[in-house]
Amino acid sequence: MFPAKKPPGPYETERKAAQRTAINALKRAKRAAEKTGVALSDWEGEFLDSVSERVKTHGRAFADPEKGAPGQALSAMQGRKLKEITKKAKGEGVKPHRGRKP
């Protein structure tokens, strides 16, 4: 009756893997903060929640394709902020921005 369902293509598989990776990284950052007792700011907590929700809903957390690589779930800046939050959650110091002078 109905034609057989096609197996997912390589791009679809890669996109789903990037989506799972991003969601897991966001969860790990939140768990690390809770485990070490580091208090994340309201903005950081909201960032983790909203980005994970957008990735779950839309498959990626940014709309403009120029802000991130095709097949990626997070934009370049979202990835950078996630790394900073993860470092803070683990208790490591965050390096100052290169462009600014003290």
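Trainee: In which helix is confidence lowest, and in which is it highest?
Mentor: This is a predicted model, and the protein averages a pLDDT of 85, with 89% of the residues scoring at least 70. Confidence is lowest in H1, at a mean of 90. It is highest in helix H2, residues 42-58, at a mean of 92.

Trainee: How are H1 and H2 oriented to each other?
Mentor: Two packed helices are described by the angle between their axes and the distance between the axes. The axes of H1 and H2 come within 10 Å and cross at roughly 160 degrees. Angles over 145 degrees count as roughly antiparallel. H1 and H2 are therefore roughly antiparallel.

Trainee: Which residues of H2 does H1 meet, and how do the residues of this contact divide by class?
Mentor: From H1 come Gln 19, Ile 23, Leu 26, Ala 29 and Lys 30. They meet Leu 48, Asp 49, Val 51, Ser 52, Val 55 and Lys 56 in H2. By class, the residues of the contact of H1 with H2 are 6 nonpolar, 2 polar and 3 charged.

Trainee: How many residues of the contact of H1 with H3 are charged?
Mentor: H1 contributes Ala 25, Leu 26, Ala 29, Ala 32, Ala 33 and Thr 36, which meet Leu 82, Thr 86 and Ala 89 in H3. Of the residues in the contact of H1 with H3, 7 are nonpolar and 2 are polar. The number of charged residues is therefore none.

Trainee: How many charged residues has the contact of H2 with H3?
Mentor: H2 provides Trp 43, Glu 44, Phe 47, Leu 48, Val 51 and Arg 54, while H3 provides Gln 78, Lys 81, Leu 82, Ile 85 and Lys 88. By class, the contact of H2 with H3 has 6 nonpolar residues and 1 polar residue. Its charged residues number 4.

Trainee: Which residue forms a salt bridge with Glu 12, and how far apart are the closest N and O atoms?
Mentor: Side chains of opposite charge can pair when their charged atoms come close. Glu 12 and Arg 15 are separated by about one helical turn, because they lie 3 residues apart in helix H1. The partner of Glu 12 is Arg 15, and the closest N and O atoms are apart by 2.9 Å.

Definitions and conventions. Residues are numbered from 1 along each chain as its sequence is written. This is a predicted model: local features need pLDDT of at least 70, side-chain atom pairs count only at pLDDT 80 or more; totals for chains, interfaces and linings use all residues. Side-chain values use heavy atoms; hydrogens and water are left out. Contact means heavy atoms within 4.5 Å. Helices (H or I, at least four residues) and strands (E, at least two) are DSSP runs, numbered from the N terminus. pLDDT is the predictor's confidence in each residue, from 0 to 100. A salt bridge is a side-chain nitrogen of Lys or Arg within 4 Å of a carboxyl oxygen of Asp or Glu. Axes are lines fitted to C-alpha atoms, for helices over the stretch in contact, and angles run from 0 to 180 degrees between N-to-C directions. Angles under 35 degrees count as roughly parallel, over 145 as roughly antiparallel, 65 to 115 as roughly perpendicular and the rest as oblique.
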